[in-house]
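Here is a short report on one protein model. Look over the sequence and the structure first, then read on.

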Amino acid sequence: YRLNNIIGGKFWNLGVGGTGVMSQFRILYGFYKELKIKNIFHYAPKFPRFEFIENGKPEYYIISNYQEKWHAKFGDLLADSILTDEQIEMNWLVYTQAIKSLANEIGCNYYLIEGDTKSPENPEDFSLKSRDDFHFSISHHQDIVKQFLNLYDPTLIDKVDQENGLFELY
């Protein structure tokens, strides 16, 4: 929302809370030919979140919320393969490249920031904190906007800071 206020135009937030790059690809794949997309701004931490199609419907798995029922379903495959750092890295690479490919297909710019999975500790951050200290503060969200602006058009960062004050902490 903040990024769009600066750049302008219509925007669609195709993100779904608690999902990862697999779900993000599937959702974009369902819309990319219908929406007139000019830019994709993709903040995609390498976090072990998976999506599998079960009985015709997407099922999300956030591995940090591990449940015993998953072991019954996946067995040792979960720990021995799916949860390895190498597999998480491969999953992220495959799906971010697939999203980039969709962007290229429709002539759209793709801006990717790998990002962190946890809000950094910052004693100087007096902005509004998240509900659980795991999600990002307002200040950290503003830093992400600045990172995207730096990729999109670095001259907008100073202009926005001076004219609109969108990055003032509150």
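This is a predicted model: local features need pLDDT of at least 70, side-chain atom pairs count only at pLDDT 80 or more; totals for chains, interfaces and linings use all residues.

Residues are numbered from 1 along each chain as its sequence is written, and side-chain values use heavy atoms, with hydrogens and water left out.

## Salt bridges

The structure holds three salt bridges. The term means a side-chain nitrogen of Lys or Arg within 4 Å of a carboxyl oxygen of Asp or Glu.

| Pair | N to O distance |
|---|---|
| Arg26 and Glu51 | 2.6 Å |
| Lys46 and Glu89 | 2.9 Å |
| Lys46 and Glu114 | 3.5 Å |

Lys46, Glu89 and Glu114 form a linked network. How exposed is Lys46? Its relative accessibility is 23%, so Lys46 counts as partly exposed. Here buried means under 20% relative accessible area, exposed over 50%, and partly exposed in between (1.4 Å probe, protein chains only). Glu114 is also partly exposed, at 38%. The charged end of Lys46 also sits over the ring of Trp92, 4.6 Å from its centre. That label requires NZ of Lys or CZ of Arg within 6 Å of the ring centre and within 35 degrees of the ring normal.

## Around Glu51

Glu51 lies in strand β2, residues 49-54. Helices (H or I, at least four residues) and strands (E, at least two) are DSSP runs, numbered from the N terminus. Glu51 is buried, with a relative accessible area of 8%.

Strand β2 runs antiparallel to β3 (residues 57-62), with six bridges between them. Strands pair if DSSP finds at least two bridges. Ile53 stands opposite Pro58. Asn55, in the loop between β2 and β3, has a positive phi near 55°. Most residues other than glycine have a negative phi. Asn55 is exposed, at 83% relative accessibility.
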